[in-house]
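Here is a structure to explore piece by piece. Keep the sequence and the 3D view open while you read.

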Amino acid sequence: MCPLITNIQKYSIHDGPGIRTTVFFKGCPLHCLWCHNPETQSFENEIWDVCEGVAREADIDGLMEEILKDRIFYDESGGGVTLSGGEVLAQDGEFLLELLKRLKTEAIPVFIDTCGAVPYERIKPLLVYVRAFLYDLKLMDSEEHRRYTGSGNGVILDNLKRLWEDGAAIYIRVPMIKGLSAQKGNIDKMICFLKDNGIRPEGINLLPYHDTGSGKYQRLGRAYEGESFEAPGSDEMEEYVKQLTAAGFKNVRIGG
Amino acid sequence: MEERGMNERIKKLRRVSMETAPHIDLERARIETEVYKKYEGKVSVPVLRALVLKEYFSRKTLYLGDGELIVGEKGNAPQASPTFPELCCHSEEDMHVMNDRELVSFKVTEEDIKNQVGEIIPYWTGRTVREHLLNQMTDEWRAAYEAGMFTEFMEQRGPGHTCGSKKIFEKGYLDYKADIEKALEELDFLNDPEALDKKEELTAMSIDCDALCILGERYHELALEMAAKETDPVRAEELRAIAANCAVVPAHKPQTYWQAIQMYWFTHLGVTTELNPWDAFSPGRLDQHLNPFYEKDTAEGLLDDERAKELLECLWVKFHNQPAPVKVGITLKESATYTDFANINTGGIKPDGSDGVNNVSYLILDCMDEMKLVQPNSNVQISKKTPLKFLKRACEISRKGWGQPAFYNTDEIVQELLNAGKTLEDARLGGSSGCVETGAWGNEAYILTGYLNIPKILELTLFNGYDHYSGKQLGLKLGNAEDFKSYEELFEAFKKQLEHFVNIKIKGNNVIERIYAKEMPAPFLSIVTNDCISKGKDYNAGGARYNTTYIQGVGIGTISDSLAAIKYNVFDKKKFSMRELIDALEKNFEGCEDIYKAVHEESPKYGNDDDYADDIMRSVFELYRDTVTGRPNTKGGEYRIDMLPTTCHVYFGDVMIASPNGRLAHKPVSEGISPEKSADVKGPTAVIKSCAKMDHISTGGTLLNQKFTPSVVAGEAGLDNMAALIRSYFSMDGHHIQFNVIDRQTLIDAQNNPDEYRDLIVRVAGYSDYFRNLSKALQDEIIMRTEQSFE
């Protein structure tokens, strides 16, 4: 199956170091209620009325051509390509492997932005081609996780452990929703999990919730169920930074 | 008004400079008129010009403001603007207009008007360069000029566009005088047919040395007098130090850092009082020139960094005290600003090719940051060897949003200069000044002569040479648009029209250059410009080592998208016919929504890293470059091109009907080499890639504006990415890039509430200006420039 792409974002500066190009793939195993890219949840093409228009089928040559246009900026800035979505790791495995090999041949460093909710067998063969993973952790309680994302977190946590054991560089990214993911108990559990498994991420990014995606639901003909979500205040955010830093984690930052 | 970092002295001086209204000062004009009445016809023209400067510096009202450490004003006080009736003699009506106009106004008193009408106008009417020049122009030239096909820089202001060199800091004017005397002695009246001309020119230079020394002596005496009366012992000591400085410079070479700055300032006054050259005058690599004095004084304990910065800030105030001379008519439209385009260059490389950044470079950046003034314009020159620390410090200031410093690519500029035939050493000593124009500093007269309205040449090509604005047949009759059966035929016709207008412009330039060479020599500027003394020849007559004449192309974005829209829709896709497009243009797209949508939204656009449009941009650029470059000027040099607009893109748009890319009638054309507004939708990397497809090295400078919202460049990562963006553009041989970091909403607020944004400074073209001082059309244009934002 040929993956669909909703957007190729150039001068992407919040999804990994330097100046990057981020490719957004369509289709995700999770359906987070706060998702700000709902158009990337379904694997199917849907008609929706935003400027990006209908998603297009990824063709590796075309994609590489677009990516290579900004090579000089990756070189100068220590940037590269970030594969995101949706969930890139839920896309066609052969396609992904081929794309990653081509990027490796061109010496372009790749980051993968993932929710982790895929079988580890899909991830393992890609490891040698990926510079680092931007790995989402949301809710540490599996039932709560299921309630808000449509799926438990067992696979996600297990994959994170295995990624660490296999030597991958990992940045943890946490969408911060007031009273939900952003509460001391959730962060405590996150710290415990990471420590118990000896996971030392390259950095932890706390991403404050924003509702810029809410309008997209309407255009997709869907109801937005996240009206009650809000971002924690900046003082509260600072508290979490302190909490994580005090627990011994490096590069804890607010924002991407 | 925000005031950061400055000490009390500087705050006060800056306030005086900011709060004093620019005003006309007729003292120079009156003294000049007396000198002309007394000597004209009795002495040679160069000597007459030198006598004007000497008499003015001998008699002018001196100003030495409270707290000043660097002294000297062009006129009688800060913000005084002497007039130059020998170039352009303002009518009584002009005087009222300059006083009453809303923007870029100058206070004129009743007495000024009385003097202008009583003394100045009667003498100068019929004698001005402006009249001589316009009288010599052909009907063809005049019609094209009045229709906005091109502008003419020398119509009201003298040729300039040059920078000083190290020499200014290494020699006193008595030393120059000795050189001049020696050159006079060596004149060969037996064999050299130009010996007499050389004698007159050299004599004039010698008188000008005296003129500057007299100004220095007068300040020496004034400071002593003031010290004697001063009750504050600290200020009295400062005044004695100023007096001591003025006893050394400008007659002798400077001994200290303080004297070095004072020396530059005296020289600056000499150049800008003699004539009113475009781009005033600039010190060149100020950091490298000052560094030996800084190091010596610091080692001897005479100077610390606070003092070094304070003295720089005093110099900054001096630059800011001098509004550009009053402009009227079309020249005002093309360059509506008080800014006089003096431009401080920092960084770059040394003559041996090594990195040029030193401690003074960082002090200049601090000074720029604290002073936040529109003048002097300031830039950094970035080479491969420039430390990231310096680049990032410059980015840190630039991202504060007011457009300074601009960033220039030293390595590319060296290649431009080598390509233009300079020696490697002269190339390394050179750089960009004014807006973005390249020259061999201290060694070259590189004169901007006017803007060329490239999109309008296409407009005329589409209408068989007919101009809607003037209602005249201005271009060649090469057929109507629908007669062109292919894109290539259309392009061929455009090529012929372009040549036609470039020829008209150059024919005019050839006459104007000779008028200046004969009637308006600049012996003072010739003293400090290398080879004028040894050749016995004036700066305006080819005396400099190198002599380049520039014509600046405007509207590359608009024309590229226009040609792309025609090629794509009319010839490739056959969406509509040329006739239908032409009708739409004449109707300003009213009732032609389909065509408008096709050309405006669905056609390839320059600025998106799309080869379809970018290849067209290259073809137009190369055609323009090859039409101009290499033609001989009258000074033994050649023509070259720049791609910069100042504010001319607004004027050029105003004289046009709608363009095939969907630009509506009378709206500005694209500025610099930036894409047409809102045409670039793929972000800053795509813009930079598109712009880099132009061969910058074969030009004399290009100008690229980028507008960011503050969030894009926030934080340490934002700074790193900004630096990387600049490095990327420069590694692709981009010439220059500058940033407006400000969100659209702020600009709209500022437009609606100008009083609340009195200190909002934005980048316009090769300079920054107060937003409130810009015309509504230019404000709109800046608001509309595509904003790069990625959340």
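Which residue is the bridge partner of Ser12(A) in S2(A)? The partner is Arg20(A). Before going further, keep in mind that this is a predicted model.

**The sheet in chain A**

Chain A has an open sheet of 9 strands with mixed pairing, in the order S3-S1-S2-S4-S5-S6-S7-S8-S9. At the edges sit S3 and strand S9 (252-254) of chain A, each of which pairs on one side only. If "pairing" is a new word for you: strands of a sheet pair through backbone hydrogen bonds, either parallel or antiparallel.

Here are some of the pairs.

| Strand pair | Sense | Bridges |
|---|---|---|
| S1(A) and S3(A) | antiparallel | 2 bridges |
| S1(A) and S2(A) | antiparallel | 5 bridges |
| S2(A) and S4(A) | parallel | 6 bridges |
| S4(A) and S5(A) | parallel | 3 bridges |
| S7(A) and S8(A) | parallel | 6 bridges |

Leu4(A) stands opposite Glu57(A) in S3(A), and Phe25(A) stands opposite Gly85(A) in S4(A). Move on to S5(A), and you'll see Ile112(A) as the bridge partner of Leu83(A). Over in S8(A), Gly203(A) is the bridge partner of Tyr171(A).

How covered are these strands? Strand S1 (residues 4-12) of chain A has 8 of its 9 residues buried, so the rest of the structure largely encloses it. S4(A) is mostly covered as well, with 6 of its 6 residues buried.

Now look at helix H3 (residues 93-105) of chain A. H3(A) has 13 residues and reaches 18 Å from its first C-alpha to its last, close to the 18 Å expected at 1.5 Å a residue.

Which residues of H3(A) are buried? They include Leu96(A), Leu99(A), Leu100(A) and Leu103(A). These four cover an arc of only 95 degrees around the axis, so they end up on the same side of H3(A). The general rule behind this is handy: an α-helix has 3.6 residues a turn, so residues three or four places apart point the same way.

What do the buried residues of H3(A) pack against? They pack against helix H1 (60-68), strand S4 (80-85) and strand S5 (110-114) of chain A. Just after H3(A), Ala107(A) takes a positive phi of about 60 degrees.

**Where the chains touch**

Chain A also has a partner, chain B. The contact takes 13 residues from chain A and 18 residues from chain B. On the chain A side, S1 and helix H2 (71-77) each supply at least two residues. H2(A) gives the largest share of that side, with 4 residues. Sorted by class, the side of chain A that touches chain B has 5 nonpolar, 4 polar and 4 charged residues.

In soluble globular proteins, nonpolar side chains tend to be buried together. Here, the largest nonpolar core has 300 residues, and those with the most contacts inside it are Leu311(B) and Ile726(B). Helix H10 (residues 195-229) of chain B gives the most to this core, with 11 residues.

Zoom in on Leu311(B) to finish. Leaving aside its neighbours within four places in sequence, Leu311(B) is in contact with Leu69(B), Ile70(B), Tyr257(B), Trp258(B) and Ile261(B).

Key: Residues numbered from 1 in each chain as written. Chains lettered and ligands numbered in written order. Predicted model: local features only at pLDDT ≥ 70, side-chain atom pairs only at ≥ 80, totals over all residues. Buried ≥ 20, exposed ≤ 12 C-beta atoms within 10 Å, placed from the backbone. Pairing = 2+ DSSP bridges. Core = buried A, V, L, I, M, F, W, Y, C linked by C-beta atoms within 7 Å. Contact = placed C-beta atoms within 7 Å. Nonpolar A, V, L, I, M, F, W, Y, C, P; charged D, E, K, R; others polar. Expected span 1.5 Å × (residues − 1). Arc of directions from axis to C-beta.
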